[in-house]
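Dear colleague,

I am passing on the structure below, followed by some notes on what was found in it. Please read the notes with the structure open beside you.

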Amino acid sequence: MDQIVIRGGQRLKGRIPISGAKNAALTLLPCALLTDEPLTLRNLPRLADVDGFGHLLNQLGCSTTIEGSRPEDFGRVMTARTTTLTSTVAPYDIVRKMRASILVLGPLLARAGEATVSLPGGCAIGNRPIDLHLKALEAFGAEIELASGYVKASAPGGGRLPGGKFTFPVVSVGATENALMAAVLAKGICVLENAAREPEIVDLCNCLVAMGAHIDGIGTETLTIEGVDRLHGATYRVMADRIEAGSYACAAVITEGDVELVGAKASEMEATLASLREAGATVEETKGGIRVAMTGRAEPVTLSTAPYPGFATDMQAQFMAMATLGKGASLFTETIFENRYMHVPELARMGCDIDVRGRSAVVRGVDHLVGAPVMATDLRASMSLIIAGLAAQGTTEVNRVYHLDRGYERLEEKLQAVGADIERISAG
Ligand code: UD1
């Protein structure tokens, strides 16, 4: 298996191009199931999860063509067209590898009046149930059956969903996305209350509107969707990856660097930027993106993850890595996922001082980190090890690189370009 090897201690300086957002791409791709016309997505990141999703779409009868597949191209363009659905089943083998596959449930149900999708099962950052996805669809009139590890959803008479109203008891990004994609072709009106407001949800809504959907309240916690008879094709540009941008910002701070995150949008990551400022970083909007610069050690931060516009759980591990070399004690509280401190034991191998108590963690800044062989069990945890490695003395070997390949486009290339001593060692 590939490894990423970092010799720490280089200050990052220069421009880092920010790719299209993974989490937006994974909810925009299934929109191609909603129409028989082509959906063209621009600025798609080159990531294992995006390729995996394309493969799932192919299995359902959607043809996909990709431009910009030369290794030097950032931002690929994919045209996906589902002239006819050939299957309404997302099998276990695919869903188990890529949790986001559950996002075909809503669009398949909307287009075909039925869908059968494997239950995703547990994952490294907690149980991650899908009960809210199902309850929202039920509220819109779907019948839901669970059998042999699969969920089967159907609309009355195999037709269109009647519509209805659902109030989320807790905010869920994925369930809001699935419900939205199911609602756009309903017969009646669907209302979602306490819906997620993440920028990726806004991106999804804007794409659906470009395809002819009627959605009111975009960017707010109440979404009202008036079903239409059919959707048409569209060309849509995937938003910039705010989590990738935030990750490189943490890398800049811990190496006392100065980087411009080209293409990043400050308005979509205010909470991250506020915490970077709390750490003492200079953060300013530039013509092309955001500049993050740091001199000296980071000030301690106090942060608690929360649904957008709160501090993103997907940024928690990277900030924790950054805080390990901070001036004092930082306090973290994880409120979204119950098992999201899996990076802590690995960071400890590099000399960090972190004390986890339930959902909280206290990080006491240490004088220096020492490189070590490490590995992580999820994407953002892996990135926290890269960030720590960039500032550690000596060599850090990050294993299980496939996690990073799921979410960071050409990570080592982008970091090399700003001065990091980092390379991928291929297993052959
Ligand atoms: C998405 C993101 C993920 C991010 C997360 C929270 C994608 C592909 N993934 O994941 O990177 O970390 O949002 O910002 O976009 N919950 C339920 N029942 C459900 C669904 C969720 O109880 O049916 C709970 C979850 O266990 C969790 C909370 O709701 O505690 C939020 O999860 P959710 O927003 O749904 O996360 P995902 O959409 O899976």
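Lys-187 sits in the loop that runs between helix H6 (173-183) and strand S11 (189-193), where helices (H or I, at least four residues) and strands (E, at least two) are DSSP runs numbered from the N terminus. With a relative accessibility of 59%, Lys-187 counts as exposed, on a scale where buried means under 20% relative accessible area, exposed over 50% and partly exposed in between (1.4 Å probe, protein chains only). Leaving aside neighbours within four places in sequence, Lys-187 is in contact with Arg-160, Leu-161 and Pro-162, contact meaning heavy atoms within 4.5 Å. The C-alpha atom of Lys-187 is separated by 16 Å from that of Leu-223, which is 36 residues away along the chain.

Before going further, please note that this is a predicted model, in which local features need pLDDT of at least 70 and side-chain atom pairs count only at pLDDT 80 or more, while totals for chains, interfaces and linings use all residues. Residues are numbered from 1 along each chain as its sequence is written, and side-chain values use heavy atoms, with hydrogens and water left out.

Helix H6 also takes part in a helix pair. The axes of helix H5 (residues 131-139) and H6 come within 8 Å and cross at roughly 30°, the axes being lines fitted to C-alpha atoms, for helices over the stretch in contact, with angles running from 0 to 180 degrees between N-to-C directions. That angle makes H5 roughly parallel to H6, since angles under 35 degrees count as roughly parallel, over 145 as roughly antiparallel, 65 to 115 as roughly perpendicular and the rest as oblique. On the H5 side the meeting residues are Leu-132, His-133, Ala-136 and Leu-137, and on the H6 side they are Gly-174, Ala-175, Asn-178, Ala-179 and Ala-182. By class, this contact has 6 nonpolar, 3 polar and no charged residues (Ala, Val, Leu, Ile, Met, Phe, Trp, Tyr, Cys and Pro count as nonpolar, Asp, Glu, Lys and Arg as charged, and the others, Gly among them, as polar).

Within H5, the residues Leu-132, His-133, Leu-134, Ala-136 and Leu-137 are buried, and the buried residues of this helix pack against helix H4 (105-112), strands S8 (143-147), S9 (150-154) and S10 (164-167), and H6. After H5 comes Gly-141, which has a positive phi near 105°.

A second pair is formed by helix H8 (residues 242-254) and helix H12 (residues 379-391), whose axes come within 8 Å and cross at roughly 25°. H8 is therefore roughly parallel to H12. H8 contributes Ile-243, Ser-247, Tyr-248, Cys-250, Ala-251 and Ile-254 to the contact, and H12 contributes Arg-380, Met-383, Ile-387, Ala-388, Leu-390 and Ala-391. This contact has 10 nonpolar, 1 polar and 1 charged residues.

Two further residues may interest you. Asn-43, in strand S3 (residues 39-44), is buried at 12% relative accessible area, and a polar atom of its side chain lies 3.0 Å from the backbone oxygen of Val-238. Arg-340, in the loop between strand S19 (329-333) and helix H11 (344-348), is buried with a relative accessible area of 7%. The side chain of Arg-340 makes a polar contact with the side chain of Asp-314 at 2.8 Å, a polar contact being a pair of N or O atoms within 3.5 Å, of which, within protein, one must be able to donate a hydrogen and the other to accept it, and residues adjacent in sequence count only if both atoms are side-chain atoms.
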